[in-house]
Amino acid sequence: MIPLLIVDDESIIRETIAAMVRRKYPEQFHIFLASNGREALSLVTSESVELVLADIKMPVMDGLQLLHCLHEQQLQCDVIFISGFDDYSFVREAMKSGAVDYLLKPIAEDELYAQIDSFLKRAALRVPIYTARIRPEENVYLQQYVLDKLFDGTDAIPDSVLAELHLPPAAPAALLAAPVISSEADLQWFEQVHQTLQPLLEAGCTLFQGRKRQMCLSLCLFSNREQYDVWSRLLPGSSAQALSPATQLPHVPELLPLCQKLLERRFFDLPGEDGPESYPYSTLISEMTDEICHLQAEAYHQTLLLLLRRACAQYPPVDSLRQLLCAMIYAILQGNASFVAVFSQMELTADDIICTIQQTNSADALYRGMTRIIDLQISRIQGQITPSDETHVKRACDYIQAHFAEDFTLADLAKHLELHPNYVSTIFRKVCGTSFSRYRKRLRMEEACRLIRETNDKFYLIGSKVGYPDAVSFARVFKEEIGCTPSEYRSMHAPGEEG
């Protein structure tokens with residue numbers, strides 16, 4: 001029977017874990033119990049314990065101190081920490097100190113059994129922890145710790161790190177990378193890679209998986225150089241991943257920026273088109289926002305395609321491009337209130353525009369996803385608008401454009417149209433995506449900006465021309481809408497003397 005030691009300062013927890021182990025492995029383990037690290041250290045020494053399940057927080061000697069003592073005395077056993085402290089600093093310290101893995105209280109039986117099963121496989125194969133054939137969801141902290149140590153920012157891995165991790169310095173290695181998308185999607189990718197490479201793992205290769213620099217990484221160490229060719233043939237083809245060339249293990253950090261560059265290039269898979277405007281594409285983003293707000297689907301399609309083609313020619317950071325498009329969506333929600341209603345009804349699946357922007361793995365998929373979803377929402381909005389609504393709103397807009405500088409109310413506008421004010425308010429917001437008062441204010445500010453740029457009129461005179469006889473009110477509204485004072489705007493566009 002294999003000596004197994006359970007260390008915890010609470011007797012009920014020690015007995016519960018022991019019962020769980022006996023229930024699943026009635027004849028495989030001889031179980032010892034200890035209430036602190038000092039007792040545990042004595043038992044490991046006297047009973048040749050091979051597996052330790054230890055709490056971190058304990059009196060007299062805690063779990064981390066126990067692990068350090070085991071290393072100092074060169075006592076070989078696997079240590080799995082069990083603690084109620086879900087804190088990554090504990091996890092990092094535990095993995096750095098050489099723990100096999102980390103489980104949280106209350107302990108789930110299936111998680112405990114998975115760790116013990118892994119231990120039994122390692123014991124049977126007589127292989128150390130770093131070459132164990134592990135599933136992606138097992139020993140995740142250990143795998144991440146190994147990747148963190150290997151990719152610590154240096155150009156080459158120091159011999160001391162390789163020795164600490166018990167990795168052969170001459171081992172051929174290669175890196176497979178994919179962009180981080182979501183925890184569920186990332187885990188599926190890890191599992192797919194692991195299953196695909198199973199023949200190589202059975203032949204002696206080692207696989208470490210984790211995340212670094214917004215990438216999902218699968219690092220494979222080969223038994224010989226020829227296995228790299230097998231690895232490249234086994235992997236499923238996908239533009240959402242990049243495979244590095246083979247190199248010796250100490251030079252693996254050099255592969256990280258290479259994979260980042262390959263992923264960026266593979267994202268931009270549309271034919272490039274040169275253009276005068278570069279990132280952040282403010283003109284094209286503004287045009288797209290207006291076209292979507294005005295429900296002009298075809299014009300939006302062409303502008304989005306032009307933006308992505310320019311991006312594909314210029315290779316801006318993918319994350320920055322995603323942020324830019326997400327900001328555009330929020331600007332659309334502010335510019336056309338009708339989108340608020342239809343977007344709020346979307347489910348967080350294939351019809352969520354923000355998720356689509358953040359999770360697509362190519363520019364082509366981004367274009368197809370954004371056009372499909374925006375078209376869907378535009379059609380929903382247009383489906384709510386009748387021809388008579390459009391006719392009434394056109395008459396309303398014509399009247400506002402002709403009289404925007406005058407002081408009239410929604411009731412006055414409804415009287416002119418011979419309609420009820422509530423009906424006018426509803427159809428105006430439905431067709432234009434904004435309220436009557438906001439629409440008029442926008443016209444006033446557009447005219448005010450033109451007059452400031454093209455004339456030397458004093459500001460109080462310009463304010464009165466666009467409907468603000470009070471100079472203070474004009475200056476306040478102008479700054480709220482334009483983002484600067486009339487004087488600052490004139491300085492930027494048409495310098496002249498302030499009135």
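This is a predicted model: local features need pLDDT of at least 70, side-chain atom pairs count only at pLDDT 80 or more; totals for chains, interfaces and linings use all residues.
Residues are numbered from 1 along each chain as its sequence is written, and side-chain values use heavy atoms, without hydrogens or water. Local features require pLDDT of at least 70 and side-chain atom pairs pLDDT 80 or more, whereas totals for chains, interfaces and linings use all residues.

A nonpolar core is a set of buried Ala, Val, Leu, Ile, Met, Phe, Trp, Tyr and Cys residues joined through side-chain atoms within 4.5 Å; buried denotes under 20% relative accessible area (1.4 Å probe, protein chains only). The largest such core has 38 residues, and Leu325, Met328 and Met370 have the most contacts inside it. Elements giving two or more residues to this core include helix H14 (318-335) and helix H17 (363-383); helices are DSSP runs (H or I, at least four residues), numbered from the N terminus. A second, separate core of 31 residues includes Ile400, Cys432, Met445 and Phe478.

Helices H21 (residues 436-454) and H23 (residues 471-482) pack at about 100°, their axes 11 Å apart. Axes are lines fitted to C-alpha atoms over the stretch in contact, and angles run from 0 to 180 degrees between N-to-C directions. The two helices are therefore roughly perpendicular, a class spanning 65 to 115 degrees. Among the residues that meet are Met445 in H21 and Phe478 in H23, where contact means heavy atoms within 4.5 Å.

The count of disulfides (cysteine sulfur atoms within 2.5 Å) is zero. The sulfur of Cys205 lies 4.5 Å from the closest cysteine sulfur, in Cys220, too far for a bond. Cys205 is buried, with a relative accessible area of 0%.

Notes. Angles under 35 degrees count as roughly parallel, over 145 as roughly antiparallel, 65 to 115 as roughly perpendicular and the rest as oblique. Buried means under 20% relative accessible area, exposed over 50%, partly exposed in between (1.4 Å probe, protein chains only).
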